[in-house]
Amino acid sequence: MSKPIYESSTQFKHWRFSKEALHATRTSMTAAAVQSIRTSLDAEKSQVEFITAEEELLLVKLYLDKIKTICVMFRFATEDVEATAVSYVKRFYIRNTVMDWHPKNVMLTALFLAAKVTNNPIPIEAYATRIPNTKPSDVLDLEFLVAQSISFDFALHHVHRALYGLWLDLQTLPDTPPVSPQVYQDALKYVRRSRLTDAEFIYTPSQIALASLSLVDSNLASMWIASKLSGDSLDNILGVVSEIALMITTDGQPPDTEVVRLIDRKVRICTNPARIPGTKAYIARQEEEEQKEQEKRERKAQEIKQVMQNNDPFEDDSVDPPRTMMLDDDD
């Protein structure tokens, strides 16, 4: 029996975690960043208060919530743009810290990239002009970094699409009264709230969609589950749906703005100096990168020179040397 399409995706293979693994990944990444930055800071800043992994999450969540506002401003024709951008930002901060890369420009870059990936491209000049205090370079300078950080895994299986499929399937269930379109619209609101949680890293899109439906009409969700499963499988999925529903209602709202403002102030104090133009650490990093690039160029030049020498057409041993012409006796 073939595997479901989702289980063959990079989303399933590369971006699924247990709750414990996700927490451990973030905690260890933040700790490593703090240790690295602490050694780079000037002596007078040695007592800087660093942020925690939990505070990083709150700051990122604030900017995740801003994505929908920008999508409305640009009037993107599909829900895919917002959902894709949110996933890209969340993935980015599983492998990076806000102390290296502030969420504002990362969010703007992820959204610009998501618009292209979902076939809703917008010229960079038009994009940057509409967003206050933003230059095209603020976005373009980070585009490759964002793509690299998500391992170039651009394709996504979205929860809102799973919800739509679920709603269509409900229309076909026997002995089921007509399902109001309002049920779908209300469930979609919970799907959007789920984007502010870790649900997509832990559960499948169909499970999250089912949990969103259950928050609107638990009887309808139970009816659909019962039509597909029975026994232990039924009990297991009911337990998973309850877990997701709790996560959505508990974590699926924007953080308190005042709390995040204080976190943001801390971030600006403990930002990695190697990312701040003009600092000694930044200059040292630039020099180190330039040195690496120079060494790379020299190696490449040497390789090309070697290839040219080895393939010199005027020194090709495969060509037979001219043979002495034999003359007839008559000559």
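Which residues in H5 meet which residues in H7? In this contact (heavy atoms within 4.5 Å), Asn 105, Val 106, Leu 108, Thr 109, Phe 112, Leu 113 and Lys 116 in H5 meet Asp 138, Val 139, Leu 140, Leu 142, Glu 143, Val 146 and Ala 147 in H7.

This is a predicted model, in which local features need pLDDT of at least 70 and side-chain atom pairs count only at pLDDT 80 or more, while totals for chains, interfaces and linings use all residues. Residues are numbered from 1 along each chain as its sequence is written, and side-chain values use heavy atoms, with hydrogens and water left out.

Helix H5 and helix H7 pack at an angle of about 75 degrees, and their axes are 8 Å apart. That makes H5 roughly perpendicular to H7 (angles of 65 to 115 degrees).

| Helix | Residues |
|---|---|
| H5 | 103–117 |
| H7 | 136–149 |
| H13 | 231–251 |

Helix H13 has 21 residues and reaches 31 Å from its first C-alpha to its last, close to the 30 Å expected at 1.5 Å a residue (1.5 Å times one less than the number of residues). Its buried residues (under 20% relative accessible area, with a 1.4 Å probe and protein chains only) are Ile 237, Val 240, Val 241, Ile 244, Ala 245, Met 247 and Ile 248. They cover an arc of only 160 degrees around the axis, which puts them on the same side of H13. The face turned away from that buried side carries Asp 232, Asp 235 and Leu 246, which are exposed (over 50%).

Among the elements covering the buried residues of H13 is helix H11 (205–216), where Gln 207 has its place. Gln 207 counts as buried at 19% relative accessibility, and, not counting residues up to four places away in sequence, touches Ile 237, Val 240 and Ile 244.

Methods:
Helices (H or I, at least four residues) and strands (E, at least two) are DSSP runs, numbered from the N terminus. The arc is that of the directions from the helix axis to the C-beta atoms. Axes are lines fitted to C-alpha atoms, for helices over the stretch in contact, and angles run from 0 to 180 degrees between N-to-C directions. Angles under 35 degrees count as roughly parallel, over 145 as roughly antiparallel, 65 to 115 as roughly perpendicular and the rest as oblique.
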